[in-house]
Amino acid sequence: MDSEREPVRVVVVDDEQLVRMALRLVIDGEPDLTVVAEAADGDAAIAVVEEQRPDVVLMDVRMPGRDGLSTTRELLTRRPAPRVLMLTTFDSDDLVLGALRAGALGFVLKDTQPPQILDAVRTVADGNPVLSPAATARVIAAATGPQSAHARRSSREAARKQLSALTERERETARAIADGLGNPEIAQRLHISVATVKAHTSSLFAKLAVENRVQIALLVRDAEE
């Protein structure tokens with residue numbers, strides 16, 4: 001990260017004070033990151049984000065009162081919206097999946113080692129998703145888990161309708177994104193330049209009305225159910 005840039009401003013949201021303290025210590029120890037506020041629940045998070053206008057919100061999934069999913073949805077309606085990185089344990093897959101659909105850029109486990117948490121904050125601050133292969137597998141499992149036939153059919157039809165607006169090349173790009181490929185790998189698969197991949201991805205964002213690659217991947221998965 002450019003040393004001349006202002007530090008990434010972070011708000012930490014968790015109902016456990018010890019977790020907030022530990023995250024603050026880790027984040028504030030880095031010259032390019034700073035915690036500007038903490039919150040113990042969703043309502044407090046909305047208030048401090050409105051006041052502080054952070055770049056990144058580290059958001060606990062499960063909290064008393066307004067949970068992380070509801071709070072994330074509310075925050076992502078704001079303009080400018082902060083980038084949200086969810087804090088979770090794997091017993092929260094259902095809420096994490098909802099947050100990703102709402103536009104959160106990814107999630108990290110609470111027991112993740114500090115260097116990886118710091119890397120995740122920086123990655124999200126740059127507008128890129130954070131999903132490890134193991135975490136992605138769990139999210140996809142949650143996305144394709146048991147649900148009513150009507151709900152699955154409705155999700156499939158809605159996703160297919162959105163994807164129908166794409167050109168063939170855009171659909172191929174979306175499929176590659178759903179497979180977890182980065183821009184260089186997509187370029188290699190489709191035999192096009194990285195610049196062209198970026199152009200197709202930008203077009204996907206506009207046509208599908210999404211804000212990140214995770215949402216594209218989830219739409220593709222929904223359409224295939």
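Select Asp60 and show what surrounds it: leaving aside its neighbours within four places in sequence, Asp60 is in contact (heavy atoms within 4.5 Å) with Val13, Asp14, Asp15, Gly68, Met86, Leu87 and Lys110. What you have open is a predicted model, in which local features need pLDDT of at least 70 and side-chain atom pairs count only at pLDDT 80 or more, while totals for chains, interfaces and linings use all residues. Residues are numbered from 1 along each chain as its sequence is written, and side-chain values use heavy atoms, with hydrogens and water left out.

Asp60 belongs to strand 3, residues 56–60, where helices (H or I, at least four residues) and strands (E, at least two) are DSSP runs numbered from the N terminus. Is Asp60 buried or exposed? Its relative accessibility is 3%, so Asp60 counts as buried; the word buried stands for under 20% relative accessible area, exposed for over 50%, and partly exposed for what is in between, with a 1.4 Å probe and protein chains only. UniProt, in an unreviewed entry, lists Asp60 for "modified residue: 4-aspartylphosphate", and such annotations, given here in the numbering used in this text, with shortened feature names, may be inferred rather than shown by experiment.

Now zoom out to the whole chain. The protein has 11 helices and 5 strands, and of its 225 residues, 45% count as buried. Among the contacts with a separation of 6 or more, 65% come from residues 24 or more positions apart.

Next, select Leu85, which lies in strand 4, residues 83–88. Leu85 counts as buried, because its relative accessibility is 0%. Its contacts, leaving aside neighbours within four places in sequence, include Val57, Leu58 and Met59, as well as Phe107, Val121 and Val130. Draw a distance from Leu85 to Val121, and you will find that their C-alpha atoms are separated by 7.3 Å, although the two are 36 residues apart along the chain.

From there, go to Asp126, in the loop between helix 5 (114–125) and helix 6 (133–143). With a relative accessible area of 42%, Asp126 is partly exposed. The C-alpha atoms of Asp126 and Val56 are separated by 9.7 Å, and these residues are 70 apart along the chain.

Turn next to a pair of helices. Two packed helices are described by the angle between their axes and the distance between the axes. Select helix 2 (residues 42–52) and helix 3 (residues 68–75), whose axes come within 9 Å and cross at roughly 25 degrees; axes are lines fitted to C-alpha atoms, for helices over the stretch in contact, and angles run from 0 to 180 degrees between N-to-C directions. Helix 2 and helix 3 are therefore roughly parallel to each other, as angles under 35 degrees count as roughly parallel. The residues that make this contact are Gly42, Ala45, Ile46 and Val49 of helix 2, together with Thr71, Glu74 and Leu75 of helix 3.

Finish with two selections further along the chain. Thr201 is placed in helix 10, residues 194–208, and, leaving aside neighbours within four places in sequence, Thr201 is in contact with Thr173, Ile177, Asn183 and Arg213. Gln215 lies in helix 11, residues 213–224, and is buried, with a relative accessible area of 10%. Leaving aside neighbours within four places in sequence, Gln215 is in contact with Leu100, Arg101, Ala102, Gly103 and Val210.

Terms used:
Angles under 35 degrees count as roughly parallel, over 145 as roughly antiparallel, 65 to 115 as roughly perpendicular and the rest as oblique.
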